[in-house]
Amino acid sequence: MELGLVGLGKMGGNMRERIRRAGHTVVGYDRNPDLADVHSLEELVDKLSGPRVVWVMVPAGAPTQSTIDQLAELLEPGDVVVDGGNSRWTDDEKHAEELAAKGIGFVDCGVSGGVWGLENGYALMYGGDAENVARVQPIFDALKPEGDFGSVHAGKVGAGHFAKMVHNGIEYAMMQAYAEGWELLEKVDSVTDVREVFRSWQEGTVIRSWLLDLAVNALDEDEHLEKLRGYAQDSGEGRWTVEAAIDNAVPLPAITASLFARFASRQEDSPQMKMIAALRNQFGGHAVEKK
């Protein structure tokens with residue numbers, strides 16, 4: 001099928017390549033002309049045959065809103081817009097309503113996979129009407145990992161981004177646990193090779209995971225993480241997860257504590273946050289701050 005893809009950064013550019021490898025046609029637009037196939041949203045829409053599917057992969061908030069506003073004026077009834085960025089689920093309902101007024105469908109999709117997604121596939125969580133989801137299904141099938149898992153129609157509009165938000169909240173807590181254990185191992189005199197302890201956990205233990213593998217990668221590059229400053233940013237979804245927990249009276253002590261630990265990292269050079277920063281760089285290509 002044909003797909004318009006808006007936003008060709010770290011994630012979007014690799015997604016374009018993976019979709020093309022699956023045999024689909026992708027027309028990509030980005031503000032950076034060196035990355036783009038076309039030079040405007042108008043040209044992107046003109047190059048697609050109706051009914052069109054346009055996937056938006058730009059930063060959440062104002063950039064996504066502006067893009068959807070423009071597409072609402074350019075697309076036609078029967079077309080579908082997919083928001084694959086990290087938008088807040090409450091924005092999805094507003095976007096769906098705005099587009100529905102013009103006869104345009106909307107699907108929200110949480111995407112996980114970071115810089116590794118091109119080769120490994122992207123875990124996808126999407127929400128929307130079954131009819132609109134079905135229109136996009138060939139693209140979901142192209143992007144997802146091989147096998148039976150890694151892709152889910154999570155529910156109605158907003159469910160995809162809500163599921164991805166909770167996924168990221170869990171990710172916060174898991175990274176924090178690895179970071180705390182790493183700092184404690186580094187602190188004691190009796191453990192003389194912390195990196196190899198972490199490596200030994202990669203097989204046969206109940207805490208083995210891809211994040212653990214990435215932690216070992218980071219330690220192979222910088223054994224004691226001495227090149228990093230103990231500062232870790234948060235992308236917003238951890239905050240939204242905690243806010244949703246408050247709204248629904250659901251206790252989330254581990255996720256909340258991991259979010260607050262990131263706040264603390266901005267007040268001091270935290271050893272734990274060196275590991276958090278290293279892991280975020282490993283799986284998502286997120287920037288780190290060097291000493």
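A residue counts as buried when its relative accessible area is under 20%. Keep that cut-off at hand for the close-ups below, which come from a predicted model.

**Figure 1. Strand S1 and its enclosed setting.** Welcome to strand S1, residues 2–6. Of its 5 residues, 4 are buried, so the rest of the structure largely encloses this strand. Strand S2, residues 25–29, runs parallel to S1 and is joined to it by 5 bridges. S2 is mostly covered too, with 4 of its 5 residues buried.

Figure 2. What kind of unit do S1, helix H1 and S2 make? Together they form a right-handed β-α-β unit, with H1 spanning residues 10–21. S1 has a further partner in strand S3, residues 53–56, and these strands pair in the parallel sense over 3 bridges. For a landmark here, look for leucine 5, which stands opposite tryptophan 55 in S3. Tryptophan 55 also belongs to an aromatic cluster, which it forms with Tyr126 and Phe140.

Figure 3. Most peptide bonds are trans. The bond from glycine 50 to proline 51 is cis, with omega near -10°. Proline 51 is found in the loop between H2 and S3, and arginine 52 has its place in that loop as well, with helix H2 covering 41–47. Is arginine 52 buried or exposed? Its relative accessibility is 11%, so arginine 52 counts as buried. Leaving aside residues up to four places away in sequence, arginine 52 touches Val45, Leu75, Glu76, Asp79, Val80 and Arg135.

Figure 4. A pair of aromatic rings is described by the distance of the centres and the angle of the planes. Searching the whole structure gives 6 aromatic pairs. One of them is the edge-to-face pair of tryptophan 89 and phenylalanine 162, with 5.0 Å from centre to centre and 85° between the planes. This pair links distant parts of the chain: tryptophan 89 lies in helix H4 (residues 89–100) and phenylalanine 162 in helix H7 (residues 159–187), 73 residues apart. Tryptophan 89 has 16% relative accessibility and therefore counts as buried, whereas phenylalanine 162, at 29%, counts as partly exposed.

**Figure 5. Aspartate 69 and leucine 99.** Aspartate 69 is part of helix H3, residues 62–74. With a relative accessibility of 32%, aspartate 69 counts as partly exposed. Leucine 99 is 30 residues from aspartate 69 in sequence, and in space their C-alpha atoms are 8.6 Å apart.

Figure 6. The chain is divided into domain 1, covering 2–157, and domain 2, covering 166–268. Their C-alpha centres lie 30 Å apart. How many residues does the contact take from each domain? Domain 1 gives 7 residues and domain 2 gives 8 residues.

**Figure 7. Arginines over tyrosine rings.** Here, have a look at arginine 262, whose charged end sits over the ring of tyrosine 172, 3.7 Å from the ring centre.

Figure 8. Most residues other than glycine have a negative phi. Leucine 225 has a positive phi, near 55°. You will find leucine 225 in the loop between helix H9 (210–221) and helix H10 (237–247). Its relative accessible area is 1%, so leucine 225 is buried. For alanine 249, phi is likewise positive, near 55°. Alanine 249 is located in the loop between H10 and helix H11, 253–265. Is alanine 249 buried or exposed? At 68% relative accessibility, alanine 249 counts as exposed.

Definitions and conventions
Residues numbered from 1 in each chain as written. Predicted model: local features only at pLDDT ≥ 70, side-chain atom pairs only at ≥ 80, totals over all residues. Heavy atoms only, no water. Phe/Tyr/Trp six-rings, centres within 6.5 Å; stacked < 30°, edge-to-face > 60°. Helix = DSSP H or I, 4+ residues; strand = E, 2+ residues; numbered from the N terminus. Buried < 20%, exposed > 50% of the residue type's maximum accessible area, 1.4 Å probe, protein only. Lys NZ or Arg CZ within 6 Å of the ring centre and 35° of its normal. Pairing = 2+ DSSP bridges. Right-handed = clockwise from strand over helix to strand, strands pointing away. Domains from an automatic or database assignment. Contact = heavy atoms within 4.5 Å.
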